[in-house]
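Here is a friendly briefing to read alongside the model. Please keep the viewer open as you go through the points.

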Amino acid sequence: MIFLLPPSETKEPGGKKISKVLSFKELDPARKVIQSALLDLCSKPNVAAKALKLGPKQLGEIAVNLELAKPRRLPALDRYTGTLYDALKDGGVDAAMRARSGKIVFIQSSLFGLVSAADLIPNYRLSAGSKLPGVNLKTLWQAAHEPVWSRFAGEIVVDMRSNSYSDLAPVPESLNFLTLDVVMEDRKGNRIRLNQFNKKAKGQFVRAALSSKTEPKKVTDLKEIAERANLELEISGNQLLLITHG
């Protein structure tokens with residue numbers, strides 16, 4: 001079973017200056033095009049601030065991008081922070097969880113495309129909605145990912161990405177995939193979709209999958225995973241609804 005996650009705009013800084021090959025070499029040409037365009041953009045700070053939608057307190061992100069020429073790397077699981085990833089890592093990540101995450105958790109980056117949670121990546125600022133001169137992220141990534149999806153043939157793919165990131169690389173209909181949404185249910189049984197509950201519940205859900213004694217293999221295993229995270233799960237066709245209680 002494979003879990004697809006969105007990235008996070010908030011990231012852990014630092015890392016080691018080492019050269020490392022990322023998963024899915026098929027994506028390397030697109031990665032080079034996007035990184036080159038991003039470095040060129042960030043050489044013009046005023047233009048970059050507008051294209052990357054940076055406020056006055058975020059202008060340091062331009063310097064972060066310029067460091068991509070000589071990057072410091074951390075595992076993607078450690079690099080990404082924020083509500084989803086903080087919930088996923090709450091209580092720590094032991095060696096067994098880390099090893100499993102490298103096999104079953106993949107993150108959709110706007111700069112690197114699909115990467116494993118174990119892949120070593122640098123810090124950067126580029127969201128799915130960013131505008132790079134001469135580059136259409138959606139068009140480039142959709143074409144680049146076409147040969148990647150065959151790697152997941154025979155797997156159940158649980159797509160937990162936000163719409164903006166799933167649009168960069170839609171899962172093809174030929175794969176056995178499930179989409180996941182989150183609602184909060186109050187004491188009266190009313191169901192509400194709230195972004196922060198969404199992200200936290202997804203993080204808790206993936207953490208339970210990583211910490212379970214056995215790796216999930218079947219759709220029915222997902223209900224047990226949800227229970228481990230003190231959540232409920234409803235399954236309807238290829239749609240999953242994760243329920244948290246407020």
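**Strand β10 and its surroundings**

Val182 has Leu242 of β10 as its bridge partner. This is a predicted model, in which local features need pLDDT of at least 70 and side-chain atom pairs count only at pLDDT 80 or more, while totals for chains, interfaces and linings use all residues. Residues are numbered from 1 along each chain as its sequence is written, and side-chain values use heavy atoms, with hydrogens and water left out. Helices (H or I, at least four residues) and strands (E, at least two) are DSSP runs, numbered from the N terminus.

**Strand pairing**

- Strand β7 (residues 176-185) pairs with β10 in the parallel sense over seven bridges; two strands pair if DSSP finds at least two bridges between them.
- Strand β9 (residues 232-236) pairs with β10 in the antiparallel sense, over five bridges.
- Glu234 has its bridge partner in β10 too, namely Leu241.
- The hairpin of β9 and β10 has two residues between the strands, and Gly237 takes a positive phi near 65 degrees there.

**Burial of β10**

- Five of the seven residues of β10 are buried, so the strand is largely enclosed by the rest of the structure. Buried means under 20% relative accessible area, exposed over 50%, and partly exposed in between (1.4 Å probe, protein chains only).
- Thr244 sits in β10, which spans residues 239-245, and is buried at a relative accessible area of 12%.
- Leaving aside residues up to four places away in sequence, Thr244 touches Val182, Val183, Met184, Glu185, Phe197 and Leu231; contact means heavy atoms within 4.5 Å.

**Helices α9 and α10**

- Helix α9 (residues 195-211) packs against helix α10 (residues 221-228) at an angle of about 110 degrees, with the axes 8 Å apart. Axes are lines fitted to C-alpha atoms, for helices over the stretch in contact, and angles run from 0 to 180 degrees between N-to-C directions.
- The two helices α9 and α10 are therefore roughly perpendicular to each other (65 to 115 degrees).
- On the α9 side the contact involves Phe205, Ala208, Ala209 and Ser211, and on the α10 side Leu222, Ile225, Ala226 and Arg228.

- Most residues other than glycine have a negative phi.
- Phe24, in the loop between β1 (2-5) and α1 (28-42), has a positive phi of about 65 degrees and is buried at 5% relative accessible area.
- Asn230, in the loop between α10 and β9, has a positive phi of about 60 degrees and is exposed at 68% relative accessibility.

Technical notes:
Angles under 35 degrees count as roughly parallel, over 145 as roughly antiparallel, 65 to 115 as roughly perpendicular and the rest as oblique.
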